[in-house]
Amino acid sequence: MDLTIRYLLSIPFARRAINEKKAAVVTPCSTTKRVNPGTFSCTATASITTDKTPFERETQKHNLLRAIQDTQRGLVATSDQRSSIEEALVCVEGYEAGSPIDLVKLDGTWRLQYTSAPDVLVLLVSAARLPFFQVGQIYQKFECRDNSDCGIVRNVVRWSIPSLLEEQEGATLLVSAKFSVVSKRNINLQFEEVAIQNINISEELQAVIAPAILPRTFLSLQILQFIRGFRAQFPLRSSERKLVGGLYYLTYLDGNMLLGRAVGGGGVFVFTKAQPLT
């Protein structure tokens, strides 16, 4: 009797094993409902099955965006949220595992939605604590469409000083780097310079420099023109006068989402496609 029961119980698992063996491609993950409503977890990432339907892929991307939406780009993410976000990241990353970087898709402007990178979070923390400092949108702009294994990336941070500069986009911090593709999904960054540009002063400050009730003098116009065209740039080099660099792992890329990881524990990044910067 005991042998018969064991035989009957083993049939469904044997059939499932045969069917899974026939399927022979990578599955990113399986999705299970968590205790907290609206969040999902991802289990095995190394199992083998077919790349699922476009709808299922978009569902995983939506789950990731939903997991990060209340974190203020990572600023107020709790440890539980970071854990859920990491699981959602892995689910999406599994769809691109092993495929090479498409520089045509990569080319363009990407808006930061979430990060755990300390060098970016320090800007967000400063803006939250300092009343005289604001951080607006943060972008990565890739210029590589006509290249096969290299290009330029610019990290763009919109920032402002209330009452002196326009809200959110009073000025631009620009960090420029060259990159080269060193493996299927890794790029090596060589940072070149940081610059402050695109100064847009507030209407209040303009009124002080050139009052609307008085004719604008040549000097006041020259001051306004100088401020608008101001650009300060500083080279980025190490103590040995070498360019500062690092590895950046692009874990997922399609027409509207870019995921990356700074190699060496530098944090994760979630970007969505944005309109070109002017």
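Gln168 is found in the loop between strand 5 and strand 6. The model that contains this residue is predicted.

- Gln168 has a phi near 70 degrees, which is a positive value in a residue other than glycine.
- With a relative accessible area of 35%, Gln168 is partly exposed.
- Ser163 is also placed in the loop between strand 5 and strand 6.
- The phi of Ser163 is positive too, at about 80 degrees, although Ser163 is not a glycine.
- Ser163 is exposed, and its relative accessible area is 52%.

**The protein as a whole**

- The protein has seven helices and 11 strands.
- The protein comprises 278 residues, and buried residues make up 37% of them.
- Among contacts between residues at least 6 apart in sequence, 62% join residues that are at least 24 apart.

**The largest pocket**

- Rolling a probe the size of a water molecule over the atoms shows where empty space is left.
- The largest pocket holds about 600 Å³ of space.
- The lining consists of 27 residues, and those closest to the centre of the pocket are Asp119, Val120, Asn155, Phe191 and Phe269.
- Two or more lining residues come from each of several elements, among them helix 5 (118-129), strand 4 (134-143), strand 5 (150-160) and strand 6 (171-181).
- The elements that give two or more residues also include strand 7 (186-197), strand 9 (244-253) and strand 11 (268-274).
- Strand 9 gives the largest share of the lining, five residues.
- Sorted by class, the lining has 21 nonpolar, five polar and one charged residues.

**Leu112 in strand 3**

- Leu112 lies in strand 3, which covers residues 108-115.
- Leu112 counts as buried, because its relative accessibility is 3% and buried means under 20%.
- Leu112 and Phe269 are 157 residues apart along the chain, and their C-alpha atoms are separated by 7.2 Å.
- Leaving aside neighbours within four places in sequence, Leu112 is in contact with Arg73, Val120, Ile138, Phe269, Val270 and Phe271.
- Two of these contacts, Val120 and Phe269, are also among the residues closest to the centre of the largest pocket.

**Ala195 in strand 7**

- Ala195 lies in strand 7.
- Ala195 is buried, with a relative accessible area of 0%.
- Thr172 is 23 residues from Ala195 along the chain, and the C-alpha atoms of the two are separated by 8.0 Å.
- Apart from neighbours within four places in sequence, Ala195 is in contact with Thr172, Leu173, Leu174, Arg231, Ala232 and Gln233.

**Gly245 in strand 9**

- Gly245 lies in strand 9, the strand that gives the largest share of the pocket lining.
- Gly245 counts as partly exposed, at 44% relative accessibility.
- Gly245 and Gln190 are 55 residues apart in sequence, and their C-alpha atoms are 4.3 Å apart in space.
- Not counting residues up to four places away in sequence, Gly245 touches Leu189, Gln190 and Phe191.
- Phe191, one of these contacts, is also among the residues closest to the centre of the largest pocket.

**Cysteines and disulfides**

- A disulfide is a covalent bond between the sulfur atoms of two cysteines.
- How many disulfides does the structure hold? The structure holds zero disulfides.
- Cys144 is in no disulfide, because the nearest cysteine sulfur, that of Cys150, is 8.9 Å away, whereas a disulfide requires a pair of cysteine sulfur atoms within 2.5 Å.
- Cys150 is likewise in no disulfide, and the nearest cysteine sulfur to that of Cys150 belongs to Cys144, 8.9 Å away.
- Are these two cysteines buried or exposed, or partly exposed? Cys144 is buried, with a relative accessible area of 2%, whereas Cys150 is partly exposed, with a relative accessible area of 32%.

Methods:
Residues are numbered from 1 along each chain as its sequence is written. This is a predicted model: local features need pLDDT of at least 70, side-chain atom pairs count only at pLDDT 80 or more; totals for chains, interfaces and linings use all residues. Side-chain values use heavy atoms; hydrogens and water are left out. Buried means under 20% relative accessible area, exposed over 50%, partly exposed in between (1.4 Å probe, protein chains only). Helices (H or I, at least four residues) and strands (E, at least two) are DSSP runs, numbered from the N terminus. Contact means heavy atoms within 4.5 Å. On a 1 Å grid over the protein atoms alone, a cavity is a set of points where a 1.4 Å probe fits but cannot get out, and a pocket is an open set with protein on both sides within 12 Å along at least five of seven lines; lining residues have an atom within 4 Å of a point. Grid points are joined across faces, edges and corners, and a volume is the space filled by probe spheres set on the points. Ala, Val, Leu, Ile, Met, Phe, Trp, Tyr, Cys and Pro count as nonpolar, Asp, Glu, Lys and Arg as charged, and the others, Gly among them, as polar.
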